Amino acid sequence: MTDQPMLRVRHRGPSPRVRRNRRIATVIVIVVVAALVVGAFFVFAPKDGTPAAEPSDSPTPSSTPTPTPTPTPTFPLDQFSIDDPTSPWLVVNKQRPLNPQDYAPADLVAIDIAGGGQLRAEAAGQMQALLAAYTAETGETMQSLSTYRSYSRQVDVYNGWVSQLGQEAADLTSARPGYSEHQTGWTMDLGAVPNSCALDQCFGQTSQGLWLAAHSWEYGFIIRYPDGYTPITGYEYEPWHVRYVGVALATEMHNTGVMTLEEMFGLPAAPTY
């Protein structure tokens with residue numbers, strides 16, 4: 001045993017001041033929690049009497065992707081040849097002569113119209129339908145100024161224009177032999193009855209010319225040399241000169257606003273030989 005007495009250590013609890021601070025802190029925590037609960041109630045509670053959504057065991061569906069629209073099929077530009085002289089889509093211009101140059105169609109049919117003339121059978125049938133529709137709608141008629149012309153006939157026609165106008169001016173008005181659409185049997189020059197503006201650009205303002213510009217596509221014909229397209233076609237505006245290409249192609253050109261065969265088939269412009 002030790003000679004010195006043992007000192008007893010007395011353990012005290014927290015002081016009254018510490019206990020008071022703890023109680024205040026506890027009260028503050030309780031107030032803050034209560035405030036958060038009340039705030040959450042007002043934030044998430046249904047508004048304006050709208051019932052709260054019922055819980056669902058199903059997962060939230062994802063947004064459905066918008067289907068890609070099916071593209072409109074491209075018009076089949078390879079349905080007929082643009083080189084074969086028997087094809088209704090044949091493109092003849094100053095850079096694309098007929099092959100052979102003295103080609104003559106084998107199925108020419110006479111047209112029942114003042115002035116007469118011949119076209120290939122398919123074109124002739126559609127021309128008769130066009131003329132009948134025009135007369136039924138307007139009570140007026142048209143006449144033929146030119147239809148199929150043979151190679152030898154085109155020699156005479158072209159030389160006549162050259163004698164009258166000179167070659168440069170003639171080339172804006174008449175095709176050289178072997179380069180003429182009239183030789184294909186798909187083309188016709190139309191005029192008014194009574195005769196007015198025959199083979200003249202003012203024909204475009206006659207009732208016949210206006211009707212052809214608006215309706216010829218319905219029967220498979222186009223105005224082959226439209227106004228303002230001389231740098232492409234090589235010829236001046238000829239509102240009387242209609243070319244048969246078939247209803248399908250004529251309709252496509254009408255609907256798309258394409259005015260020339262050169263543009264339709266992506267061919268180079270042909271202003272000169």
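1. Ground rules. Residues are numbered from 1 along each chain as its sequence is written, and side-chain values use heavy atoms, with hydrogens and water left out. Because the model is predicted, local features need pLDDT of at least 70 and side-chain atom pairs count only at pLDDT 80 or more, while totals for chains, interfaces and linings use all residues.

2. The largest pocket. Its volume is about 450 Å³. A pocket here is an open set of points on a 1 Å grid over the protein atoms alone, where a 1.4 Å probe fits, with protein on both sides within 12 Å along at least five of seven lines. The volume is the space filled by probe spheres set on the points, which are joined across faces, edges and corners. Lining residues have an atom within 4 Å of a point; there are 26 of them, and W161, T173, D189, E238 and W240 lie nearest the centre.

3. What builds that lining? Look at β3 (141–146), α3 (151–165), α4 (167–173) and β6 (238–244), each of which supplies at least two residues. The most come from α3, with 4 residues. Helices (H or I, at least four residues) and strands (E, at least two) are DSSP runs, numbered from the N terminus. By type, the lining has 11 nonpolar, 8 polar and 7 charged residues. Ala, Val, Leu, Ile, Met, Phe, Trp, Tyr, Cys and Pro count as nonpolar, Asp, Glu, Lys and Arg as charged, and the others, Gly among them, as polar.

4. The second largest pocket. This one has a volume of about 350 Å³. Of its 20 lining residues, A213, S216, I222, I223 and M259 lie nearest the centre. Two or more residues come from each of α5 (207–215), β5 (221–225) and α7 (247–256). The lining divides into 13 nonpolar, 6 polar and 1 charged.

5. Is R224 buried or exposed? This residue of strand β5 is buried, with a relative accessible area of 1%. Buried means under 20%, exposed over 50%, and partly exposed in between (1.4 Å probe, protein chains only). The side chains of R224 and E181 are joined by a polar contact of 2.8 Å. Such a contact is a pair of N or O atoms within 3.5 Å; within protein, one must be able to donate a hydrogen and the other to accept it, and residues adjacent in sequence count only if both atoms are side-chain atoms. Leaving aside residues up to four places away in sequence, R224 also touches others (heavy atoms within 4.5 Å), including V91, T233, H241 and E262.

6. Helix α7. Its residues L249, A250 and M253 are buried. Seen down the helix axis, the buried residues of α7 fall within an arc of 100°, so they line one face. The arc is that of the directions from the axis to the C-beta atoms. Their cover includes β5 and α8 (261–264). Just after α7, G257 takes a positive phi of about 80°.

7. Helix α5. Q208, G209, W211 and L212 are its buried residues. Down the axis of α5 these fall within an arc of 165°, so they too line one face of the helix. Among the elements covering them are α2 (121–138) and β4 (187–193).

8. T141, in strand β3. This residue is partly exposed, with a relative accessible area of 36%. T141 and A192 are 51 residues apart in sequence, but their C-alpha atoms are 7.0 Å apart in space.
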